[in-house]
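Have the model open while you read.

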Amino acid sequence: MQKQELGMNVDNTKAHKAPPARVAVLGAGGLGMAAAQMLSQKRSLQLVAIADKGGAAIDPTGLSVEDLLDAQKKHKTVGAAGIKTDDSIGAVIKHLGLIDGVFIALPNLDNNFVPSVVRRFADAKYSGVMVDALKRTTAVKNIFQLHKKLQQSRITYITGAGATPGLLTAAANLAAQSYSEIQSIDIEFGVGISNWEAYRATIKEDIAHLEGFNLEKVSTMTYEEILAELDRRDGILKLVNMEHADDILLEIAGTVSREKVHIGGVVDTRNPKKPVSTHVTVTGRTYDGFTSTHTFTLGDETTMAANVLGPAFGWLAKALQLHKRGIYGVFGSAEIMPKFAP
Ligand code: NAD
């Protein structure tokens with residue numbers, strides 16, 4: 001078997017000259033538009049489709065971020081640079097032949113919404129790769145239930161492929177290798193954003209983790225109610241013991257049972273400076289009887305978007321390799337190393 005067939009890029013220069021993989025981004029909010037921006041800087045991946053609630057823009061020769069931003073600014077939807085429709089996901093599905101990979105940046109205010117979108121792709125016989133940045137344990141569990149269906153339609157899917165879950169979960173899996181027994185994995189994230197409205201779904205989903213809230217309640221809250229809740233907390237959300245999929249992703253990867261994984265964080269919705277440095281600590285016992293803790297800390301200058309999207313496209317690039325090798329179905333991010341996507 002050739003090294004290329006095994007997914008080994010022995011010559012990076014050559015790999016860069018290959019035509020870029022064509023990517024669709026579902027959702028054009030904070031993460032979706034940052035994804036469009038990041039893709040515009042990549043040689044190995046090219047944005048060919050993007051969808052939001054009001055429509056979709058599709059161009060097999062590549063979309064311009066400036067045009068998309070302009071469409072959103074003037075008409076509140078990327079559809080103004082393409083097609084305005086109530087079913088923008090359906091519009092993208094009509095062009096599946098043009099798409100090698102899909103990044104899902106849709107809200108998760110209902111744990112079945114993203115799985116239902118993925119099911120539509122499988123029902124339309126899409127054969128390609130998909131990655132999500134889902135955070136909730138239940139949503140990721142629902143994606144795993146689609147394993148057989150996605151295998152049948154030849155989709156290679158990596159779930160939980162953002163920052164947490166994602167980058168930190170995979171780092172925890174790597175760090176765990178020093179130990180014979182893992183005692184705990186603790187993730188604490190810090191997010192600083194100057195304008196919460198740029199990341200509405202992210203902030204609403206975070207509020208849903210606070211005492212007295214849940215996804216159903218938050219999904220019915222009005223804009224003013226969200227504003228009032230943020231005001232009450234001086235714009236700071238302190239999150240503890242979150243229902244975050246890092247737990248099942250590490251369990252599925254065989255690293256540790258889910259009860260030993262704890263996730264919390266602090267989100268400042270009025271200041272781009274991170275309120276705490278995002279880190280994961282992995283505590284365990286070594287084969288020779290020592291107890292120790294490894295810590296992996298992200299640089300404070302890296303934004304939420306950089307830490308979600310870099311890994312997401314790294315996993316998308318990896319999924320493309322697996323797909324070429326005929327490996328289909330659902331994989332958790334902690335099971336698979338992302339591949340750096342130039
Ligand atoms: P957002 O609210 O800014 O944007 C959501 C986008 O989805 C909007 O463009 C909206 O129009 C579109 N949309 C909603 N319903 C749609 C539909 N039916 N069809 C087509 N488009 C539709 O959201 P965001 O803050 O960018 O977050 C997106 C997701 O990313 C959230 O679920 C969030 O939890 C996740 N996220 C993950 C991580 C991580 O580390 N894993 C970090 C941050 C955010």
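Predicted model: local features only at pLDDT ≥ 70, side-chain atom pairs only at ≥ 80, totals over all residues.

1. Searching the whole structure turns up 3 aromatic pairs.

2. Another of these pairs is Trp-196 with Tyr-223, which is stacked: the centres are 5.7 Å apart and the planes make 25°. Trp-196 sits in the loop between S8 and H9, while Tyr-223 belongs to helix H11 (residues 223-232), so the pair ties together parts 27 residues apart in sequence. Trp-196 counts as buried at 8% relative accessibility, whereas Tyr-223 is partly exposed at 31%.

3. Now look at the sheet. Its 5 strands run in the order S9-S10-S8-S11-S12, and this open sheet has mixed pairing. At the edges you'll find S9 (236-239) and S12 (291-297), each pairing on one side only. On average, neighbouring strands are turned by 10° against each other, ignoring direction.

4. Inside that sheet, S8 (residues 181-192) pairs with S10 (residues 261-268) in the parallel sense over 8 bridges. Ile-185 is the residue opposite Val-261 in S10. Helix H9 (residues 200-207) packs on the sheet, where H9 touches S9 and S10, and its direction makes about 50° with that of S9.

5. Finally, two lysines over rings. The charged end of Lys-217 sits over the Phe-213 ring, 4.8 Å from its centre, and Lys-42 lies over the face of Phe-340, at 5.9 Å from the ring centre.

Key:
Residues numbered from 1 in each chain as written. Heavy atoms only, no water. Pairing = 2+ DSSP bridges. Helix = DSSP H or I, 4+ residues; strand = E, 2+ residues; numbered from the N terminus. Axes fitted to C-alpha atoms, helices over the stretch in contact; angles between N-to-C directions. Contact = heavy atoms within 4.5 Å. Phe/Tyr/Trp six-rings, centres within 6.5 Å; stacked < 30°, edge-to-face > 60°. Buried < 20%, exposed > 50% of the residue type's maximum accessible area, 1.4 Å probe, protein only. Lys NZ or Arg CZ within 6 Å of the ring centre and 35° of its normal.
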